[in-house]
Structure formats: C-alpha cells, structure tokens
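Please view the sequence and the model first, and then read the points grouped by topic.

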Amino acid sequence: MNSGSEAVDRVLKGQLCTGCGLCASVSGGAIVMQMEAPGYSRPKQLGPVTPDAERLIAGACPGVVVAEWEEAPHTHPYWGPWRQVVTGHAVDPEVRFEGSSGGAISALVIHALQIGLVDRVIHVKADPQNPTRNIVTCSSTPAEVLGGAGSRYTASSPLTQMDGILADGGSIAFIGKPCDVSALRRLGEFDPRVARHVPLMLSFFCGGMPSHDGVERMLATMGTHRDEVTAFRYRGRGWPGSAAATTIDGRVFEMSYADSWGGHLSKEVQFRCKICPDAVGGVADIACADAWYGGESGYPQFNEQDGRSLIVVRSEAGERLLESARAQKALDVEALDINEIDLMQPSQARRKRLVLARTAALTVTGQPKPRTRGTHVFEAAKAATIGEAGRNFAGTVRRIVLGRR
Ligand SMILES: Cc1cc2nc3c(=O)[nH]c(=O)nc-3n(C[C@H](O)[C@H](O)[C@H](O)COP(=O)(O)OP(=O)(O)OC[C@H]3O[C@@H](n4cnc5c(N)ncnc54)[C@H](O)[C@@H]3O)c2cc1C
Ligand code: SF4
Ligand code: SF4
C-alpha cells in the first residue's frame with residue numbers, strides 16, 4: 001500500500017520541488033525536510049499522509065500549482081499586478097546598509113511591527129550551526145528583523161513550521177520567495193487561519209535557488225572551507241555588498257557579487273526555477289527587488305553604491321503599509337515607470353517570456369508541470385522571438401531526454 005503523498009512523489013519525480021516546506025508543515029510529522037545532493041531542501045516521507053493533508057498538498061504545493069495573480073488596477077505580463085511601482089530605500093541608514101538592496105523589506109516589516117499591524121515576522125536567517133545554510137526564524141524586534149536582512153542564495157524552507165505558527169495565533173508578516181508566498185496564498189484557499197493571522201506577505205524577485213554546492217565552490221575559491229566558517233553572508237552591508245566568510249581565527253574572506261552570483265551561484269539553480277511562471281512575487285502584498293542602474297552594455301551595473309530597492313505594491317494591504325511607512329519616514333521612495341523594470345531586470349524578463357517554450361517541452365516529453373493559469377505566461381511569450389523560443393524548447397527537450405535537467 002502506498003500511503004505516502006502522491007502529489008509529493010509526482011513533484012519530486014518531475015524535479016518540480018521548490019523546497020518551500022509546505023508539505024512537511026501540513027503532514028503532522030509524516031514528511032520532514034532534509035538536504036539532498038547537490039544541496040537542495042527536499043521532503044522525505046516518513047509515514048502515511050492523511051487524505052486531508054494530501055488535499056492541502058495537492059492544492060497548494062508550488063510544484064503542482066502556482067497561485068493565480070489577483071485583480072489589480074494594472075497587470076504587466078512580466079512584472080505582475082501592481083498599484084504602485086517605486087524605487088527607494090530605508091530611511092534608517094543601518095537598515096539600508098544591512099539590507100540586500102535598499103533594505104525596503106526589512107524597513108516595511110519593522111514598520112509593521114511598530115504600528116502593531118503584526119506581532120511577529122516569519123522569515124529566514126543564517127543557521128548559527130551551519131552559517132552558509134538557512135533556518136526559519138521568528139522576529140519580533142527591529143534588531144531580530146535585521147538579523148535576517150540580506151539575500152541568502154541557498155535553500156530555504158520558510159513554510160516548514162507554518163501549521164504550528166498559525167495554531168499559535170496572533171498576527172504575522174511572512175517573508176519568502178515567490179514560490180513560498182504562492183504556497184501560503186494557496187493554503188489560504190483551504191485554511192481560513194491564513195487570512196486571519198497573516199495580514200502581510202512580502203516577497204522579492206527571484207533569479208532562482210542555487211544548490212548548496214554553489215556556496216561550497218565559492219568558499220573553495222575564496223580559500224576557505226565550511227568547517228572553519230563561523231559566519232557567512234551572501235551579500236548586503238552595502239549594495240550589492242560582497243559575500244563574506246568569517247573563520248574561527250577571525251579572518252574574513254570576501255567575494256564580489258558579480259563573481260559570487262555570476263561565477264558560481266547562478267550556475268547551480270534548480271530545474272523548477274528555470275520554468276518559474278511567477279518569480280516576481282505576483283501574489284505578495286509587496287514585492288521588492290534590486291533597482292539596478294543600467295549600464296552602457298544594456299545590462300545592470302554592480303558598482304558598489306548606496307542601496308536602492310525596487311518596490312512593487314500589489315494589494316490594498318501593501319499600499320496601506322507603504323503609505324504609512326512613507327508618512328512616518330521609514331521609507332524614502334520615488335515613482336518609477338513600470339517599463340523601466342525591463343532595463344533593471346533583463347534576466348527576469350527573458351525567463352518569463354520563455355516559460356511557455358520550456359514548459360511545452362515538458363508536455364511533449366510527457367513530464368508533469370505546475371499549473372500556471374492566471375500568471376500571464378501566454379501573454380509574456382508573445383514577446384519572445386521564434387528563434388529564442390525554439391532554442392529553449394529544443395534545449396529543454398534535449399536535457400530531459402539526456403536526464404540532465
Ligand atoms: C535566491 C534569491 C534570488 C534572488 N534573485 C533576484 C533577482 O533575480 N532580481 C532581483 O532584483 N532580486 C533578486 N533577489 C532579491 C534581492 O536580492 C533582494 O532580496 C531584494 O531586492 C530585497 O532587498 P531588501 O534590501 O529590500 O531586503 P532585506 O531588507 O535585505 O530583506 C531580505 C529578506 O529576505 C529574506 N530572505 C533572504 N534570503 C532568503 C531566502 N533564500 N529564502 C527566503 N527568504 C529569504 C530575509 O530573511 C529578509 O527578511 C533574490 C534573492 C534571493 C534570496
Ligand atoms: S514544493 Fe514545497 S510542498 Fe511541494 S513537494 Fe516541494 S517542499 Fe513539498
Ligand atoms: S525561481 Fe521560482 S521556483 Fe525558483 S526559488 Fe525562485 S520563486 Fe521559487
């Protein structure tokens with residue numbers, strides 16, 4: 001008798017798992033998250049999954065289904081639903097400096113704590129035992145929020161304890177990858193506690209989740225090893241800020257963002273990310289990103305400067321928070337034309353217009369794929385040239401046939 005989750009089995013077989021942790025959260029201990037080679041967070045089934053848990057997994061797992069974008073005054077096929085698009089930064093220089101780009105996410109949730117909108121923030125931070133890895137954390141002070149600031153380009157499963165967190169009640173801000181927020185929104189379709197206890201979901205544009213092998217290679221290139229690292233940050237402390245590994249003997253090894261993301265991490269991204277129909281946090285209340293300045297090459301420049309976030313406000317709740325944060329001088333922002341994002345985020349634009357070609361390759365090879373209805377995949381694909389769509393379709397078919405996703 002197969003008493004495990006059929007949805008999880010199918011998702012794992014199709015390499016569609018994002019590692020969000022939702023299945024473990026709703027399984028009552030039947031599923032746990034564990035690290036698997038080459039360093040992704042994946043569910044392991046330990047016991048039978050109840051029909052109720054299976055219903056939640058099949059309805060919310062982002063390997064099965066992606067949350068539909070909701071109605072908003074405007075919707076862009078790449079950049080999602082929006083009410084306001086601004087660039088800006090935290091007014092507090094410490095938050096701006098510690099943050100990944102302009103510290104907007106941290107500033108917004110600190111403000112949400114200060115005005116009593118939420119009593120705690122669920123997000124991730126460095127694991128003190130394994131500083132290159134992530135753990136889920138619950139922050140209720142500005143200092144705790146800042147302890148998790150900065151982008152961490154390795155596996156995270158921020159939904160792993162969500163069932164217990166919802167049972168504890170109160171009012172929560174959740175920060176996660178777009179797929180994590182999609183899973184939580186979908187869970188809310190079945191579990192009314194999500195609407196009751198999570199008034200705020202924040203996300204960021206996501207270029208993909210690198211395996212932990214990526215950071216191991218970074219450490220080797222930097223001249224150190226995980227066993228001697230006592231603290232590690234991927235970026236932040238400036239914009240973009242460098243990766244920094246502190247070792248037991250107090251030495252600090254650094255690597256630029258261009259080298260860490262461009263030279264190592266971007267090459268280690270899991271398959272699901274290459275077909276991601278919503279990597280811009282389309283169902284978050286607010287999604288933030290790097291408001292990179294364009295260079296002469298037409299590609300963003302990563303010269304070190306004061307942090308600047310792109311802030312896409314999607315929901316009414318997000319708009320109320322942004323306005324409150326502006327009025328109380330937590331955030332300094334200025335309006336941006338939505339079409340300017342194409343110049344800041346060319347890789348995101350490219351991937352979105354090619355999702356249809358890549359998922360068509362899954363269809364013709366009989367592979368499972370996530371349901372993407374309501375994420376404007378078809379509309380985005382109209383901007384792809386026949387050549388790039390054809391190359392991506394053929395390349396994906398080839399990789400599937402050769403077993404090299
Ligand atoms: C894997 C990954 C890929 C990214 N790809 C892009 C991209 O393609 N384009 C782009 O513009 N920006 C990308 N970003 C986001 C960008 O780096 C910044 O996070 C974003 O601009 C927000 O900056 P901030 O200063 O407002 O956030 P901060 O104030 O620094 O707050 C960041 C928050 O994100 C949370 N966080 C960090 N790492 C993770 C993680 N792995 N999983 C879940 N939560 C996490 C932290 O807990 C923190 O609360 C990516 C981030 C990650 C982690
Ligand atoms: S994507 Fe999330 S819910 Fe789906 S199998 Fe992976 S960890 Fe579980
Ligand atoms: S690219 Fe998409 S699937 Fe991959 S981690 Fe980011 S949001 Fe999740």
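The shell around ligand 1 holds 35 residues, the closest being Gly99, Ser106, Ser156, Gly207 and Ala289; a residue is near a molecule if its C-beta atom, placed from the backbone, lies within 6 Å of it. The model is predicted, with local features requiring pLDDT of at least 70 and side-chain atom pairs counting only at pLDDT 80 or more, while totals for chains, interfaces and linings use all residues. Residues are numbered from 1 along each chain as its sequence is written, and chains are lettered from A and ligands numbered from 1 in the order in which they are written.

**Ligand surroundings**

- Around ligand 1, α5 (104-114), β6 (120-126) and β13 (286-290) each supply at least two residues of the shell. Helices (H or I, at least four residues) and strands (E, at least two) are DSSP runs, numbered from the N terminus.
- The shell of ligand 1 consists of 13 nonpolar, 18 polar and four charged residues. In this classification Ala, Val, Leu, Ile, Met, Phe, Trp, Tyr, Cys and Pro count as nonpolar, Asp, Glu, Lys and Arg as charged, and the others, Gly among them, as polar.
- Ligand 2 has 14 residues around it, of which Cys17, Cys20, Leu22, Cys23 and Cys61 come nearest. Two or more residues of this shell come from each of α1 (6-13) and α2 (22-26).
- Ten nonpolar and four polar residues, with no charged ones, make up the shell of ligand 2.
- The residues that surround ligand 3 include Thr18, Lys177, Cys179, Cys206, Arg272, Cys273 and Cys276. Both α8 (178-190) and α12 (271-274) give two or more residues to this shell.
- By class, the shell of ligand 3 has seven nonpolar, two polar and two charged residues.

**Sheets**

- Eight strands form an open, mixed sheet in the order β7-β6-β8-β9-β13-β14-β5-β15; two strands pair if DSSP finds at least two bridges between them.
- β7 (134-139) and β15 (331-335) are the edge strands, each with a single partner strand, so one side of each has no neighbour in the sheet. The twist from one strand to the next averages 30 degrees, angles running from 0 to 180 degrees between the N-to-C directions of axes, which are lines fitted to C-alpha atoms, for helices over the stretch in contact.
- Six bridges join β6 and β7 in the antiparallel sense, and His123 stands opposite Thr137 in β7.
- A further open sheet has three strands in the order β10-β11-β12, with antiparallel pairing. Its edge strands are β10 (229-233) and β12 (252-255), and its twist averages 15 degrees from one strand to the next.
- β10 pairs with β11 (residues 243-247) over four bridges, and Val229 stands opposite Thr247 in β11.

**Helix packing**

- Helices α15 (residues 346-364) and α17 (residues 386-402) pack at an angle of about 35 degrees, with their axes 8 Å apart.
- Residues in this contact include Leu354 and Val364 in α15, and Phe393 and Ile400 in α17; two residues are in contact if their C-beta atoms, placed from the backbone, lie within 7 Å.
- Nine nonpolar, two polar and two charged residues make up the contact of α15 with α17.

**Pro370**

- Pro370 lies in the loop between α15 and α16 (377-381).
- The C-alpha atoms of Pro370 and Val64 are separated by 4.4 Å, although these residues are 306 residues apart along the chain.
- Leaving aside residues up to four places away in sequence, Pro370 touches Leu16, Pro62, Gly63, Val64, Val65 and Val66.
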